Amino acid sequence: MSYGLYVGKNHTADGIAYLAGYGDEPSSHWLEIMPRRTHDADATITVGVTPQAAMPGIMTKIPQASQTVRHIRVSYTYYLGVPAPLTNGGLNEHGVAVRDIWSPSRQELVAMTRPDQSGPNYSDLARIVIERATTAREGVELIGALIAEHGYSTYGGNSHIIADPDEAWIVIEYAGSQGLWCAERVGADDIRASRPGYIGDVLVDAPDHPDFLYAPNYLSFAVDQGWYDPGAGKPFNASDIYGDGKMQWEGVAWIEGEMRQRAARPEKISIIDMMWAIRTERLTGDTAGYGQVVPLHHPDHAA
């Protein structure tokens with residue numbers, strides 16, 4: 001049960017934001033430092049899942065970017081029919097960081113997922129964002145564009161936290177083979193945990209709102225399925241309509257509350273507090289293969 005935590009810069013002792021998390025995979029892990037690279041115009045990358053995955057699919061090739069940026073990431077070897085090496089995120093030379101966290105979609109969407117699904121999987125999306133994005137919002141837009149053009153290979157629903165020195169976005173990618181995704185912005189005054197990733201009320205009646213981005217069919221598909229009635233006067237709650245309906249799981253409520261108490265102290269939140277939050281035995285266990293704490297600042301140098 002992987003976990004991610006974002007703390008906005010107004011809550012920290014050193015005045016910079018932090019992104020932290022751990023991966024919960026039963027396999028080996030290693031650290032990689034990837035150089036900036038230039039790729040041929042016809043270069044491709046292989047994405048997706050195999051027929052052996054818990055939710056099967058097919059592997060496909062999609063175009064590679066002309067240039068990928070310098071970044072650091074933790075890779076690992078195994079997850080349910082997803083070819084290695086895999087990554088749950090990292091940090092690039094532009095100060096953009098990514099964390100992948102599971103996020104269950106509603107069972108009807110899981111049942112709709114095509115057995116020949118194709119397109120980037122959760123690891124592909126994390127890797128592509130840290131290879132290409134120069135801001136957190138650009139990372140969100142990149143995920144949306146990839147899903148729209150190539151599809152998305154799911155294991156039942158997933159999420160990412162994408163952060164830069166100024167803001168972060170919670171991105172949910174839904175099962176169902178419908179191209180559904182949604183993202184919510186959090187910033188300097190926010191503390192946000194994902195275990196699993198969740199989004200509450202989405203302002204679908206304000207499509208240009210700066211705090212939300214989502215797929216073009218995000219509202220219309222819910223209406224067509226009878227899951228949302230625009231005339232009922234109720235908010236569009238993403239967790240209720242497309243997720244598991246639980247919003248904050250108990251662990252999320254606990255760690256967000258604990259970190260807010262620490263933020264209220266005169267000394268605020270330090271990197272030691274962030275390390276504690278990732279190591280605490282109330283949320284982690286022996287299956288936690290690694291942990292990351294990333295200070296989010298504008299790098300002076302690509303290294």
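Trainee: What makes strand β12 (residues 168-173) and strand β13 (residues 181-186) a pair?

Mentor: Strands β12 and β13 share six bridges in the antiparallel sense. Two strands pair if DSSP finds at least two bridges between them, so six qualifies β12 and β13. In β13, Ala183 is the bridge partner of Val171. Bear in mind that this is a predicted model: local features need pLDDT of at least 70, side-chain atom pairs count only at pLDDT 80 or more, and totals for chains, interfaces and linings use all residues. Residues are numbered from 1 along each chain as its sequence is written, and side-chain values use heavy atoms, leaving out hydrogens and water.

Trainee: What counts as a strand or a helix?

Mentor: Both are DSSP runs, numbered from the N terminus: E over at least two residues for strands, H or I over at least four for helices.

Trainee: Why are β3 (29-34) and β16 (212-214) called edge strands?

Mentor: The open sheet has eight strands, in the order β3-β8-β9-β10-β11-β12-β13-β16, with antiparallel pairing. Strands β3 and β16 each pair on one side only.

Trainee: Which strands does helix α2 (residues 122-132) touch?

Mentor: Helix α2 packs on the sheet, touching β8, β9, β10, β11 and β12; contact means heavy atoms within 4.5 Å.

Trainee: Why is Val74 called buried?

Mentor: Buried means under 20% relative accessible area (exposed is over 50%, partly exposed in between, with a 1.4 Å probe and protein chains only). Val74 has 9%, so it counts as buried. Val74 sits in strand β8, and its contacts beyond four places in sequence include His29, Trp30 and Tyr290.

Conventions. Axes fitted to C-alpha atoms, helices over the stretch in contact; angles between N-to-C directions.
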